[in-house]
Amino acid sequence: MLEKATFAAGCFWGVEETFRDIKGVASTCVGYTGGHWSNPCYLDVCARITGHAEAVEVEFDSSVVSYEQLLEVFWNCHDPTQLNRQGSDRGEQYRSVIFYHNLEQEQAAIASKRKLQLSGRYDNQIVTEIQPANEFWLAEDYHQQYLHKKRYGIQPST
């Protein structure tokens, strides 16, 4: 049975590519969520008027890969101590968020964040938000699997 997980960890291109390669992940897509604007486009989100984060929606087979394993990938693919940024990308759209889809995911996310904070791995406080998943607005086609397309010279359809 396929389940859904949604993560925001900076620019969605690299985050999507990271999750695409995991055994048990059936599909990924990038989009915008966590804001207050209906059907935003990339320019709206970049203008910082929508409140959305760039996010990746992951469909996964929980009999092959667990949600807890996906959380480990999430924590390892970005710096969860940076507020509203990752590297040189700045703005609320690049914030770190786990969007949970059910009570079990919420509890697992809270526990994993607590465990990571207590591990001493980071000197600074983890600023990752944990929020209920809400409307996920699919990003434009050219953003979908962007790094994969770029690597293989696939031109986006217009």
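Tutor: A residue is called buried when its relative accessible area is under 20%. The structure here is a predicted model.

Student: Where is glutamine 105 found, and is glutamine 105 buried or exposed?

Tutor: Glutamine 105 is in helix H4, residues 103-118. Its relative accessible area is 3%, so glutamine 105 is buried.

Student: Which residues does glutamine 105 touch, not counting residues up to four places away in sequence?

Tutor: Glu3, Lys4, Ala5, Phe60, Tyr67, Phe99 and Tyr100. With lysine 4 there is also a polar pair: a polar atom of the glutamine 105 side chain lies 2.8 Å from the backbone oxygen of lysine 4.

Student: Why does alanine 133 count as partly exposed?

Tutor: Partly exposed covers the range between buried, under 20%, and exposed, over 50%. Alanine 133 has 28% relative accessibility, so it counts as partly exposed. This residue lies in the loop between strand S7 (129-132) and S8. Leaving out residues up to four places away in sequence, alanine 133 touches Phe99, Tyr100 and His101. From arginine 85, alanine 133 is 48 residues away in sequence and 21 Å away in space, C-alpha to C-alpha.

Conventions
Residues numbered from 1 in each chain as written. Predicted model: local features only at pLDDT ≥ 70, side-chain atom pairs only at ≥ 80, totals over all residues. Heavy atoms only, no water. Helix = DSSP H or I, 4+ residues; strand = E, 2+ residues; numbered from the N terminus. Buried < 20%, exposed > 50% of the residue type's maximum accessible area, 1.4 Å probe, protein only. Contact = heavy atoms within 4.5 Å. Polar contact = N/O pair within 3.5 Å; in protein donor to acceptor, adjacent residues only side chain to side chain.
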